[in-house]
Structure formats: C-alpha cells, structure tokens
Amino acid sequence: MKPTRWQAALTALLLVPVLAWTLFPIYWIATASFKTELSLYARPPHWLFTPIADNYTRVLTNIPFFQYLKNSLVIAIGTTIGSLVLGTLAGYGFARFRFRLSEAVRFLVLVMRMAPRMVLVVPYYLMMQRLGLLDTYTGLLIAYVSFALPFSIWLLIGFFVDVPLEVEEAAMIDGCSPLGVLLRIVIPIAAPGLVVAAIFAFLVSWNEFLFALILSGVEAKTLPVVIAGLNTDAGPLYGEMSAAAVMVMLPNIVMTLALQRYLVRGLTLGAVKG
Amino acid sequence: MAVGSAGRWFLLPGLVFLFTIDLIPLLYSAWISFYNWWLLRPRDVRFVGLANYARLASDAEFTRAVVVTTLFTSGAVLVEFLAGLGLALLFAQPFRFLRPLRVLLLLPLFVVPVVGATMWRVIFHPEIGVLNYYLSVLGLGRPPWLSDPTLALVSITIVDAWRTIPFMFLVMYAGIETLPGELYEAASVDGASAWHRFRYITVPLLTYIMLLAVLIRAMDVFREFDIIFVLTGGGPGTATQTIQILNYRAFGLGHMGEANAIGMVTLILVTLMCWILLRAVLGRRGAPA
C-alpha cells in the first residue's frame, strides 16, 4: 500500500490546526518568559517584541534553581528506573503466567492507582515520619514508584501478550531461562511499550505537586513546588513562572528525543516465518 | 500459555512493593472515615460508624458534585480519546516528515500542570485575554469563558484536553507501531480498504491498549484537581464544583472524618466505573486476549 501524494498533502493540511492548537499555549508561555507583564496583556497581542532576560535572571538569582533541578532529576530518574524494573517483571508475570485470582489481583493493582492522592497524603506522611524518610529523596521516590507502577504494569501486559509465543518457546528450547527470554527476546520486541512507560513514569515524578509539597521541606524540594511558590498572594508572577516552566520543560524534551528512536515499527516483522 | 512457579518471582517484587506502600495509607484513611474528627475540636473525636457516609448520601451539594464530575469525565474522556486515536492513526502513516513532529505533539505533557492552567487563565481572560481579542476582531463577541456556568465546564474540558490528548496519542501510537506489519500487507494484497483494515485489524488488536488509555484517563479526569482549582476554583457558583474540590474544602475546614469519607466514596465510584468499562469492553473474562 504505497501512500499517494494527495494523502501526504492531506496529512500535512491536517497537521496545521493540530500543531496550532497544541503549540499556541506553549508559545504563549515561552514568549511570556521573555516579556514584561505589561506586554503580556498588550492589545493587540505582541507577536514580535524585544525579548528581555529579566525573568530568567530573577528566577536564577532569587531561587537556588539548580539545587531543585538536581532534586527533581534524581527523583524522576529513580522513579523511572524503579517502576520500569518492577513493572517489566510484573507485566511479564501477568502476561505469561496464570494463577488463581490472577485477574482479581491485576484489577487490584489498578485500584491502587484510583485512590485520590489528597486522601493518601496524610497517612503517607505519618508513615514516612515513622520511617524517618521525610524530606528525603527516598521518601518521594517510594511514593512516585507506587504512583507510576500500576500504569506501567498494565501497559506492559498489553505489549508483552502481543509478542509471538513461538519466538519465546524457540528461545526456551535453545536453553534460555525465563528471565533470559524476557531480557533478550521480549523487551527488544516490546520496546515502544517500555519507552511509553518510561516517559510517563518520568512525568509522574516530574510534575507531581501535592506529595512534593507535603513531604519535602528543604532538602528534597522539587521544581513544581518551587514554581507554585511563584503564585504569590499578590497574584501570579507570570514572567518568572513562565521562565521557570520553560527551564523545567527542557529536560523532558531531551529525554523524549533520546528515547523516541525506539518508538518504531517493524521489530516483529519477520520474527515468525510461516 | 506457560504455567509454572517462575511466574511468582516475576510478580512478587512489584506486587509486594505496591500493596505495602498503598494499602497501609488506604486502610488508615478508611478507618478515619468512620470517625467524627474536626481538627478545631481535638478532644471530641468519636467513632460514628457510617454517619459520615450517611450525611454525604443526603447532601444535595455532594450529589450535585457527583453529577458535575460525571459530566466532566465523560465529556473530556470522549473528546480526548477520539482526538488521540485520530492523531495516532495520522502519525502512523509512513511519511518521513511526521517523525520530527512527534515530539512537538507531546509538549503539553511537559508543562507543569499548575503553570499550564495559569497560562490558560490568562488566555481565557474575558477583557484582556488573547483569545477574546481575536474573537472580537472576528466579530464573535467576548464570551465569559470562566464565569458562565456552562462555558466554565467547557473551558476546563478544553484545558484538560489540551494537556492530555498527547497522552492518548502516545499510548495508542506506540500500540499501533507494534502491530505486525505483515497483516496489513496481506490485507491490502487481498484488496481490503483502509476502513476495513482499521475496523478488522487495528481495532481488534488495539482494543486492550485503547481500553487502558480510556481507563487511565477516566480515573484521572474523575479525580482532576489542579486545573479546576486554578481556572475556576469550582465556580461560578457550583458549576465546576467536582468531588475533588469538595474534598479539598473538607480537608481545608479540618473535617478529617468527612474528608476521608469523600475520598473513600471517590475511590468506590472510580473503581465501579473502571470495572463496568472493563466488563463492557472485554466481556466476562476481563482479560486481554
């Protein structure tokens, strides 16, 4: 099925409203970070203007931004690794092994994700206080892995059951252990699923606000808490908030660019012959 | 289907971790919900059984919040699902120029939710916002996006959709990318139309991933807080007062028993909703193929 030229033209045409809708608010945030507040509300709106760097210098001088950036990065990377390791193992366990109540247990995993966080935060605080983990990376990390894990498990089940069983059986016959099959056969074929699970685990931690606010004091404070602090009693500091938001977006973009080459079709093509 | 004791070793680490970390706080919260506990009267804490739940059941404001939450959830999830699926299919086409654009489509996910919502409030501003400036230039008036009861619900749906269509897109796009290409080739050799390939190959093979995307979004929209809090705070009146906003108020006033009861009711409602969705789509077995 060769795509035709008019099909390409139609696709390009559809992309215009899609990208405009997606990118306009981002553009507005990005430009707000280079504007004075007066210019943000100018009528007619300023599309072209002389950029100012004041918002960035204020954020970087008034707040130990890089300290909080490090906190956010360490916790987010830890969350991603933790939920990928546990999620891959459990996802494969659910996808390939049946036991009594396996469906009920799997639903219960999802139920763990349904509880309102507002309700969990107080008892979780008391639990971490008991364990001496308040205001530490570990305390937030444990919470975020538990947030990200149910989705990782359910998503990866979906990708793992689609891996052709014949390939796995062939590897077993060739003497591969179950863990070997998972690592050498299943993971490479289901790579797009792992990429998506990784991106969302990272984002769960990166954007989370409530738990970060309640559980971290000084040492483990993350960026969303810092940014929310710019929403002062006297009203939001739009310029500084936007500048911080732009800087907070950059690591995500780098991560996605690094991971997206695994988001490709075709690894199963030809895996099973006949 | 392999059966064996090896499965246990795959499952145990994740499950033990998850249930230990989540069940303890949940049980604690369920326990508190049976108490009358107001932080302003710390000496008057007593066990009241189901009284907090009974009060919620007869509270018109709570019933109204359930209706608002349900409306918001069904509207937002429907819009996001259709848009996400459309985009996933659009981007699954084999055109090279689509590759570099994928990341652009994901950008809204990377904006800290509170900042995104704050910026939308600026855009929506009836007098000095950029949206109404261009609408009035086009002669379409200046709609009060956040202060009209109906429009306010539409506005928070718009912001939620802007933020999370990328989630729907990415999950379904990755799902489509792992579908076996041979099937599509065979089908087009046999003369199947694009619609038939979609209806008889993509939909059945993607059912589980689509269902999961809807489930996750449904439970998140149902418990959405940040966007509503920043944009409308539940207003005007009670137009966008969802269960979460009520829950926040209850915590803010220090009514711990009632607040935890609201949380438990939310959990029960979300669980029911997901259970019904799962059953409806997958049938009685409730399992992926």
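How many helices and strands make up the secondary structure of chain A? The count comes to 13 helices and two strands. Please keep in mind that this is a predicted model.

## Chain A at a glance

Taken along the principal axes, the C-alpha atoms of chain A fill a box of roughly 70 × 65 × 30 Å. The chain has 274 residues, and 54% of them are buried.

Arg130(A) belongs to helix α6 of chain A and is exposed, with a relative accessible area of 76%.

Trp6(A), Leu10(A), Leu13(A) and Leu14(A) together make a nonpolar surface patch of about 470 Å². One of these residues, Leu10(A), is found in helix α1 of chain A, which covers residues 5-32. Leu10(A) has 45% relative accessibility, so it counts as partly exposed.

## Helices packing between the chains

In one, helix α6 of chain A (residues 117-130) packs on helix α1 of chain B (residues 6-32) at an angle of about 110 degrees, with the axes 8 Å apart. α6(A) and α1(B) are therefore roughly perpendicular to each other, and their crossing is right-handed.

In the other, helix α7 of chain A (residues 137-160) meets helix α7 of chain B (residues 149-177) at about 30 degrees, with 10 Å between the axes. That angle makes α7(A) roughly parallel to α7(B). The crossing of α7(A) and α7(B) is right-handed.

## Salt bridges

Side chains of opposite charge can pair when their charged atoms come close. Over all chains, the whole structure holds eight salt bridges. Among them is the one between Arg96(A) and Glu168(A), at 2.8 Å from N to O. Arg96(A) lies in helix α4 (residues 65-96) and Glu168(A) in helix α8 (residues 165-173), so the pair ties together parts of chain A that are 72 residues apart in sequence. Both Arg96(A) and Glu168(A) are buried.

In chain B, Asp160(B) and Arg217(B) form a salt bridge whose closest N and O atoms are 2.9 Å apart. Asp160(B) lies in helix α7 and Arg217(B) in helix α9 (residues 194-222), so this pair ties together parts 57 residues apart in sequence. Asp160(B) is buried at 0% relative accessibility, and Arg217(B) is buried at 5%. Elsewhere, salt bridges with shared partners join Arg113(A), Asp220(B) and Arg223(B) into one network.

How values were computed
Residues numbered from 1 in each chain as written. Chains lettered and ligands numbered in written order. Predicted model: local features only at pLDDT ≥ 70, side-chain atom pairs only at ≥ 80, totals over all residues. Heavy atoms only, no water. Patch = residues over 30% accessible without salt bridge, like charges linked within 9 Å, V, L, I, M, F, W, Y side chains within 5 Å. Areas by Shrake-Rupley, 256 points an atom, 1.4 Å probe, with all protein chains shown as cover. Salt bridge = Lys/Arg side-chain N within 4 Å of Asp/Glu carboxyl O. Helix = DSSP H or I, 4+ residues; strand = E, 2+ residues; numbered from the N terminus. Buried < 20%, exposed > 50% of the residue type's maximum accessible area, 1.4 Å probe, protein only. Axes fitted to C-alpha atoms, helices over the stretch in contact; angles between N-to-C directions. Parallel < 35°, antiparallel > 145°, perpendicular 65-115°, else oblique. Left-handed = near helix turned anticlockwise from the far one by under 90°.
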